[in-house]
Amino acid sequence: MSTLPQPMSNSNTTGKLTVTILSAYDLDTSTAPQSITLTVGDQVVGSTSAPSARHKEKKAFKYNQKLVYSAPLGVFYSSNALLTVQFSPDSVLGGGEDQTAQQLEAEFPINSLHVNEPQWIILNLRKKGDDSTTAGTDTVEDGTVPTLRIKANLEGSYRPEVAAMLHSSKAWFNLVDGLHSNLPSIEMNIKEIPQKYPVVKFFLIPAVPLAAIVVALLPVIAGILIVGLPFFLPFLVVLAGFVASILGIGAVLYYSTPEGRGKVLNLVHPVASHLISTPVGQRLVYDTGARPSPKSMAQLVLPGSDDMVAKLLASLAIDFVGSCSYLLPGVGEAFDLAWAPTQTIMISAMYDESTPSLKYVSFIEEILPFTDVVPSATIGWSKEYAPVLLSIGQQKVHEIIVAARREKDVAFAK
């Protein structure tokens, strides 16, 4: 199972739009349309022939005809697709009226499609040239809306860096799979070592007392570490980094095996699918033109204004990470050089609408030494939600006062 749709077989940046006209329903005339024309931007792509069959309904027609257009994916992303239902000049409206049938059209933005994922769409038709706010919802005499049913597929290639990453990952997984297929024989050889080399058993004799000594000294070692924590802290950080590196390498090797990849895929696949389904994810993965900004990518993962509690937790976490530099004086300030732009992007993504200048304050307090104590993100949260919370608090106080007066009046009435 793949987390990403398969791209076009060619490696260039050309995209391809395939629009399959399936059927037209509830038209305002029982006469079959002459053709349906596809226009992308200002480019007329082509037209279908007459419909292949008529539905049971008199004003519905089957097509199942494809219209294909190739262009750079970036061109598609900045264009709309316009479908025009053409009638012959002698077509008249239903009901016997002496009136020529008007052309109908429907339009949709191509960037609403997911790259390399076919989508079935029902488009409301409007009279050609109707630019009113109700365009696309014109009704015929019986109150129904004329519709056009299509299948649209936008094909395109991954960005070069994404394609290179996928190619490298595939080569790495093939290498790990080749090594993993030989592991059973290696494990069998390890199990056979005590049988083939009995002298190995004698190494257990000194190992047992050494293990007992280490266990006995553990409380002493723990006490020394606690007392000398300020002195040993840098060494413990280095040791923790070394251990984390070893564990990280082991985790990478394990999760590169078929069994490990299966576990990771079960967790990553929903997240990757959601990411690719968003406009930012489409622009990030596929070669659609300009790449998404760091701010738009941060907005994709950070909570929005509609979730006050989640935004507060995110703000507290940002300020906590920024203040962690005080744990390692000197070294921590160097960490601020990398964290300052990261924090600025996240604060800009969350609070630019309510406090546009806060990102500059955040960058300055994080890049300067000994100023990390300023909780920039939490200040932004307070600036955005304090008026709302204050208004709610005032309303609650007013309700309590009103309730207390009513109880007081009832008590005096008795």
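This is a predicted model: local features need pLDDT of at least 70, side-chain atom pairs count only at pLDDT 80 or more; totals for chains, interfaces and linings use all residues.
Strands of a sheet pair through backbone hydrogen bonds, in either a parallel or an antiparallel sense. Here, five strands make up an open sheet with antiparallel pairing, and their order is S4-S5-S1-S10-S8. At its edges lie strand S4 (53–54) and S8, each of which pairs on one side only. The pairing of S8 with S10 is antiparallel and runs over six bridges.

The largest nonpolar core holds 37 residues, and the members that touch the most others are Ile21, Leu83, Ile150 and Leu154. At least two residues of this core come from each of strand S1 (14–25), strand S2 (35–40), strand S5 (61–72), helix H1 (73–77), strand S6 (80–86), S7, strand S8 (119–124) and S10. Isoleucine 150 gives a close-up view of the surroundings. With neighbours within four places in sequence set aside, isoleucine 150 is in contact with Val19, Thr20, Ile21, Leu22, Leu83, Phe108, Gln119, Trp120, Ile121 and Leu123. Another core, made of 14 residues, lies apart from the largest one and includes Leu302, Ala314, Trp339 and Ala377.

In the whole structure, the search finds ten salt bridges. One of them joins glutamate 105 to arginine 126, with an N to O distance of 3.4 Å. Because glutamate 105 sits in strand S7 (residues 104–109) and arginine 126 in strand S9 (residues 126–127), this pair ties together parts that are 21 residues apart in sequence. Both partners fall under the 20% limit for burial: glutamate 105 is buried at 7% relative accessibility, and arginine 126 is buried at 13%.

A second bridge links arginine 159 with aspartate 287, whose closest N and O atoms are 3.5 Å apart. Arginine 159 belongs to the loop between strand S10 (147–155) and helix H2 (160–180), while aspartate 287 belongs to the loop between helix H7 (279–285) and helix H8 (294–301), so the pair connects parts that are 128 residues apart in sequence. Arginine 159 and aspartate 287 are both buried.

Since arginine 261 lies in helix H6 (residues 258–277) and aspartate 177 in helix H2, the parts tied together are 84 residues apart in sequence. Arginine 261 is partly exposed, at 22% relative accessible area, and aspartate 177 is likewise partly exposed, at 24%. Elsewhere, salt bridges with shared partners join Glu105, Glu107 and Arg126 into one network.

Finally, a loop residue deserves a look. Serine 357 is found in the loop between helix H10 (331–351) and helix H11 (358–367). With a relative accessibility of 45%, serine 357 counts as partly exposed. From serine 357 to glycine 380, the separation is 23 residues in sequence and 10.0 Å in space, C-alpha to C-alpha.

Technical notes: Residues are numbered from 1 along each chain as its sequence is written. Side-chain values use heavy atoms; hydrogens and water are left out. Helices (H or I, at least four residues) and strands (E, at least two) are DSSP runs, numbered from the N terminus. Buried means under 20% relative accessible area, exposed over 50%, partly exposed in between (1.4 Å probe, protein chains only). A salt bridge is a side-chain nitrogen of Lys or Arg within 4 Å of a carboxyl oxygen of Asp or Glu. A nonpolar core is a set of buried Ala, Val, Leu, Ile, Met, Phe, Trp, Tyr and Cys residues joined through side-chain atoms within 4.5 Å. Contact means heavy atoms within 4.5 Å. Two strands pair if DSSP finds at least two bridges between them.
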